[in-house]
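Could you have a look at this model with me? I've jotted down a few points to go with it.

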Amino acid sequence: MSQSEFPIRNPEKLAVPLVGRLHETGDAAEPYQLLDPDGEPVGEVAWYFAELLAENKPMTTLRSYGMDLLRWYRFLWAVEVLWDRAARADARDFTRWLQVADKPVRVHWRRQREGSTSGEATPSLPKPGRPAPGSPNPITGKSTPGLKYALNTWAHSETVLRTFYERHLENGTGPIMNPFPLVRSRRAGRANAHHNPMEPFRNERKGRYRPTVPSRIPRRIPDELFNALFAALKYNRDRALLAFWVSTGVRADELLTSKQKDPLPGQQVIGVIRKGTRDYQQVPASPDAFVWLRLAQEEAWRKGVPRGLSKPLWWTLRRPWRPLEYHAARAMFDSANDLLGSNWTLHDLRHTASFRMANDPHMSLTDVQWVLAHAHLSTTELYLTPSPEEVIENVRAHHARQARRQLEPEPQVPAPGYAPESLRVLFGGPQ
């Protein structure tokens, strides 16, 4: 057969305009809408969001899934294919396009408030003095975001789109075949069939177009670098946030859910709403965190920040007073990073707290699991793995011992039962 009978799109020549957007409505019943190029809501996505809400998925999950669906719909609009007419060739070409396309640069949160609601913009050149995209940071060793889509983004998109079409197939509203199938060897039967209860579960539900994402060891902030990062902060509110993040191990957005009634200095705990289960949990924090919090509250209340047990605990520093959101907290942290030339993230603070607790010999791993709200103990065990810096230091010490052993050979010790004096008489040597 000729190649014309098997049409294949060239992803490098495919132009995918940034049309449509994910709209945040502010309505709890329908928090997000995927709008088409004409500004009309996409009905099948609204139905899918309703399914996720019925499963009690958090708002952050809806937004994450919505961005993956927006990327897929932009591709479909560019190739002029209806969502329920998408074939596996379209899914294949979409996957190939993710490999070569430049990802849009996310718009700053202030510009989003000013009217840019798409959440993305065209790529721009890096600022002078900053590392090139994709290169490792000289301080942290972490790679900066590259110009292309990461493997995690590719894998997450495949999972979201596959489940999106699976739901519509079950409902009888989608295409007759899922364009994002599982691999042939894993379509029949259920996942983890004949599972041995003494072994961990394996990820057997692998999609055909899902990439292999290498497992990464979580990175923690060394103590000396954390002290420098803490010293770069300007306000007591920011110091209190950092102290709570690094002592409790809660996620960044979980801490921002606390109310003014939640910190209890006498019991040395603070209440947060967990991301996955949406449960309210009190977690222990360090005494320093409550000291910085009290200083920040006194400053804020003198300026006129609203007071009340049911009011949010964290507020902006300037009028008009608004509850502190995740994007503003990340911008604060990025400003401190810019002063040091580092690229730590807010989630690295959770990793730092996890490493400190997991490597404390007086603290059990199950206690750490409870504090971090991990569903499986195997997730907590990741923090027992030494960091790359520790491994490098241990190997350097090994090479130093090897060099000393060559320069200073160890004295020959006779086997047990032989007297050294008799051996010197027999074989000669210093008397």
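This is a predicted model: local features need pLDDT of at least 70, side-chain atom pairs count only at pLDDT 80 or more; totals for chains, interfaces and linings use all residues.

1. Residues are numbered from 1 along each chain as its sequence is written, and side-chain values use heavy atoms, with hydrogens and water left out.

2. The chain has 15 helices and six strands (DSSP runs: H or I of at least four residues for helices, E of at least two for strands, numbered from the N terminus). Of its 431 residues, 36% count as buried, meaning under 20% relative accessible area with a 1.4 Å probe and protein chains only; exposed is over 50%, and partly exposed is in between.

3. Now take helix α9, residues 287-303. Its 17 residues reach 25 Å from first C-alpha to last, close to the 24 Å expected at 1.5 Å a residue (that is, 1.5 Å times one less than the number of residues).

4. Which residues of α9 are buried? They are A289, F290, L293, A296, Q297 and W301. These cover an arc of only 130° around the axis, so they sit on the same side of α9 (the arc uses directions from the helix axis to the C-beta atoms). An α-helix has 3.6 residues a turn, so residues three or four places apart point the same way.

5. On the other side of α9, D288 and R302 are exposed. The buried residues of α9, meanwhile, pack against α7 (236-248) and β5 (269-273), with contact meaning heavy atoms within 4.5 Å.

6. Just after α9 comes G304, with a positive phi of about 105°.
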